[in-house]
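These are my notebook entries on a structure that I went through feature by feature. I begin with the aromatic rings and end with the backbone.

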Amino acid sequence: MVFSIGIDDIFYSYLRYKLSWDDKPYGWYNGLGCAFSSITIIFLYPYLHRKKNVNDVMLSIYGLIARITILLMFAFLFSSWWAYMALIPTAFTRFILTGLRAASSRLVEDNEQGKLFSLISVMNGIMSIAATLIFNGFYPLTLSFFSGTVFLVVAGLCLIPIMLLL
């Protein structure tokens with residue numbers, strides 16, 4: 001959650017810095033990304049889960065691999081078409097939380113699921129505050145030597161959840 005929220009916090013600033021995007025190209029990019037990820041989570045996730053018998057944890061890992069791919073692409077961003085190419089793996093990033101929530105719901109009794117999802121919601125709020133402070137503080141410090149540093153660091157850190165899930 002911290003990685004996703006933190007990157008989202010600096011994403012507009014990064015695209016503005018690297019590609020001189022303003023609200024309009026960013027809005028189109030963000031809208032297309034949301035559309036692709038929504039279509040993927042509505043149609044592809046259930047297909048893989050039910051028809052291909054891929055479990056929720058593996059689908060989360062696929063989402064994390066897609067997230068790492070995007071982070072590496074953006075660390076070395078050089079043009080608008082490269083940013084739009086990143087929409088392909090972006091379509092799979094919603095697999096992460098969807099798979100983790102589905103898997104965690106099977107670890108508790110039915111009457112405890114409300115507590116579980118309340119806890120996840122509270123953690124999301126706390127992580128949002130923490131991520132904003134961390135990423136908005138760290139990102140400007142990296143601009144003088146390599147603007148993609150944050151993306152590389154987060155890509156490396158995303159390997160930790162993959163190893164834990166495996």
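How many aromatic pairs does a search of the whole structure find? I am working from a predicted model, in which local features need pLDDT of at least 70 and side-chain atom pairs count only at pLDDT 80 or more, while totals for chains, interfaces and linings use all residues. Residues are numbered from 1 along each chain as its sequence is written, and side-chain values use heavy atoms, with hydrogens and water left out.

**Entry 1: aromatic rings**

My search of the whole structure returned 17 aromatic pairs. I counted rings of Phe, Tyr and Trp (its six-membered ring) as a pair if their centres lie within 6.5 Å, and called planes under 30 degrees apart stacked, over 60 edge-to-face and the rest tilted.

I looked up Tyr12 and Tyr26, which form an edge-to-face pair at 5.1 Å centre to centre, with 75° between the planes. Tyr12 lies in helix H1 (residues 2–19) and Tyr26 in helix H2 (residues 23–51), so this pair ties together parts that are 14 residues apart in sequence. Helices here are DSSP runs (H or I, at least four residues), as strands are (E, at least two), numbered from the N terminus. Tyr26 is buried at a relative accessible area of 18%, where buried means under 20%, exposed over 50% and partly exposed in between (1.4 Å probe, protein chains only).

I then turned to Tyr29 and Tyr84, whose ring centres are 5.5 Å apart with planes at 75°, so this pair is edge-to-face. It links distant parts of the chain, with Tyr29 in helix H2 and Tyr84 in helix H4 (residues 80–85), 55 residues apart. Tyr29 is buried at 5% relative accessibility, whereas Tyr84 is partly exposed at 30%. Both pairs belong to a cluster linked by ring pairs, whose members include Tyr12, Tyr26, Tyr29, Tyr84, Trp21 and Phe151.

What does Thr90 touch, leaving aside its neighbours within four places in sequence? I found Thr90 in contact (heavy atoms within 4.5 Å) with Tyr29, Gly33, Ser37 and Ile70. Thr90 sits in helix H5 (residues 87–90) and is buried at 15% relative accessible area. A polar atom of its side chain lies 2.6 Å from the backbone oxygen of Ala86.

Thr40, in helix H2, is buried at 11% relative accessibility. Not counting residues up to four places away in sequence, Thr40 touches Tyr45, Ala91, Phe92 and Phe95. I noted that Phe95 is one of the buried residues of helix H6 (residues 95–105), along with Ile96, Gly99, Ala103, Ser104 and Ser105. The cover over these buried H6 residues includes H2, helix H3 (56–75) and H7.

**Entry 2: salt bridges**

Which side chains meet in a salt bridge with a distance of 2.4 Å, N to O? They are Arg106 and Asp56, and a search of the whole structure finds two salt bridges (a side-chain nitrogen of Lys or Arg within 4 Å of a carboxyl oxygen of Asp or Glu). Arg106 lies in the loop between H6 and H7 and Asp56 in helix H3, so the pair ties together parts that are 50 residues apart in sequence. Arg106 is exposed at 54% relative accessible area, whereas Asp56 is buried at 2%.

I also looked up the salt bridge between Glu112 and Lys115, at 3.6 Å, N to O. Here Glu112 is partly exposed at 31%, and Lys115 is exposed at 57%.

**Entry 3: a nonpolar surface patch**

I recorded a nonpolar surface patch of about 780 Å², made by Phe138, Leu141, Val153, Leu157, Leu159, Ile160, Met163 and Leu164. Patches take residues with over 30% relative accessible area and no salt bridge, joining like charges within 9 Å and nonpolar side chains (Val, Leu, Ile, Met, Phe, Trp, Tyr) within 5 Å. Helix H7 (113–142), helix H8 (149–157) and helix H9 (159–165) each give two or more residues to this patch, and H9 gives the most, with four. Val153, in helix H8, is partly exposed at 38% relative accessibility.

**Entry 4: positive phi**

Most residues other than glycine have a negative phi. I noted that Ser20, although not a glycine, has a positive phi of about 60°; Ser20 is in the loop between H1 and H2 and is exposed at 63%. Asn53, also not a glycine, has a positive phi of about 55°, lies in the loop between H2 and H3 and is exposed at 65%.

Technical notes
Areas by Shrake-Rupley, 256 points an atom, 1.4 Å probe, with all protein chains shown as cover. Polar contact = N/O pair within 3.5 Å; in protein donor to acceptor, adjacent residues only side chain to side chain.
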